[in-house]
Amino acid sequence: MMSLTRPRRPEPLPARFDRRRIYVLPTGFGLFYGALLATMTLGALNYNNNPAFLLALLLGGAGLASLIAAQLQLAGLSIVAIDAEPVPAGLPLIVRVHARAAPDRVRRGLRIDDHGAAGIDATVLDLEQGAGEAELRIATERRGWLDLPRLRISTTRPLGLARAWAHVWPEAPLLVYPTPEAHGPPLPVGGGDQAVTRLHPSGDDVHHLRAYRFGDARRAIAWKHSARRDTLLVREYEQPLGADVELEWHRLTGLGQEARISRLARWVDEAERDGCRYRLSLPNQPTLGPGTGPGHRHACLRALALMPHG
């Protein structure tokens, strides 16, 4: 059945479901329902029972209407975007599927899965005012680009007699970061020739007092000054910092390629955690940095993730 359904290759988004992409078949309950109606109809004809014959016709009409209603749940639906925050390989990737449709009918309980091809946990998509979002959890095993499998959007509403489904194969590769090294040497320390100072709660020299912010350590609160001002004040200190941290590929001698990538990924996370400015140097690539912050971290981890596999 999978080989007969569209699309047969990844497609750009948005992808809209029209009648040519939607398939409808009876469910197991629908087949039982049809057999029951056939039995009722034969019995009514055999015994010339007009009320039973009328009931069978009404129930048959309801069944046919449910086939149309199931198809209308998907007709006009568009998958407009797919995105995910990168995670280290080995952790599940949370993929957000964004859908749109005309707000002319209620669309609830749409099921999204991969037909068991890649082991994606099924999720439910509901549309409110013509827009909806669902999250899929996809297992990751290796760094680099992750191509999404063909996804199936299906429904058995309103009566469970028929299943309507359509497939989308989004052309939207998602990034997976390398797995950081679990245990290893500490982050390299920059030299002292370019030493600077920065504000840090655990420094040595008091710099100034500022208003308390949520998350400040209790030991940093200046209680006497706070009592005089009738508001919480926090001491900020100056802490000496060394030069920018240099994370260089060629200095990690004696390690294989994947081990080097894992160690550098760990050091990037440690430098970001400690608030250090850092520079990443990789072979055959321009040097990244020095810098710090989420954007610089993403650029460094992306470069590591897209290194050629050994």
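Is D18 buried, partly exposed or exposed? In this predicted model, D18 has a relative accessible area of 24% and is therefore partly exposed. Its side chain meets that of R20 in a salt bridge, with an N to O distance of 3.2 Å. R20, at 58% relative accessibility, counts as exposed.

Before turning to further contacts, a word on confidence is welcome. The chain averages a pLDDT of 85, and 86% of the residues score at least 70. Over residues 191-206, however, the pLDDT is below 50, although this stretch has 38 contacts in the model beyond near neighbours in sequence.

The structure holds 15 salt bridges, and several of these can be followed through the fold. R96 pairs with D83, and the closest N and O atoms of the two are 2.4 Å apart. Because R96 lies in strand β4 (residues 93-100) and D83 in strand β3 (residues 78-84), the pair ties together parts that are 13 residues apart in sequence. D83 is partly exposed, with a relative accessible area of 26%.

A salt bridge also joins the side chains of D244 and R277, at 3.0 Å from N to O. Here both partners come from loops: D244 from the one between β14 (233-241) and β15 (245-248), and R277 from the one between α4 and β16 (278-281), so the pair ties together parts 33 residues apart in sequence. What is the surface exposure of D244? With a relative accessibility of 17%, D244 falls under the 20% cut-off and counts as buried, whereas R277 is partly exposed at 43%. Elsewhere, R111, D113 and R152 are linked in a network of salt bridges.

Helix α4 (residues 257-274) is the place of D269, a residue that counts as partly exposed at 24% relative accessibility. Which residues does D269 contact, leaving aside its neighbours within four places in sequence? These are P180, R297 and L301. With R297, the side chain of D269 makes a polar contact of 2.9 Å. The C-alpha atoms of D269 and R297 are separated by 7.6 Å, while the two residues are 28 residues apart along the chain.

V24, L64, L67, I68 and L72 form a patch with about 400 Å² of accessible area together. Helix α2 (residues 50-74) gives the most to this patch, with four residues.

Key:
Residues numbered from 1 in each chain as written. Predicted model: local features only at pLDDT ≥ 70, side-chain atom pairs only at ≥ 80, totals over all residues. Heavy atoms only, no water. pLDDT = per-residue confidence, 0-100. Contact = heavy atoms within 4.5 Å. Patch = residues over 30% accessible without salt bridge, like charges linked within 9 Å, V, L, I, M, F, W, Y side chains within 5 Å. Areas by Shrake-Rupley, 256 points an atom, 1.4 Å probe, with all protein chains shown as cover. Salt bridge = Lys/Arg side-chain N within 4 Å of Asp/Glu carboxyl O. Helix = DSSP H or I, 4+ residues; strand = E, 2+ residues; numbered from the N terminus. Buried < 20%, exposed > 50% of the residue type's maximum accessible area, 1.4 Å probe, protein only. Polar contact = N/O pair within 3.5 Å; in protein donor to acceptor, adjacent residues only side chain to side chain.
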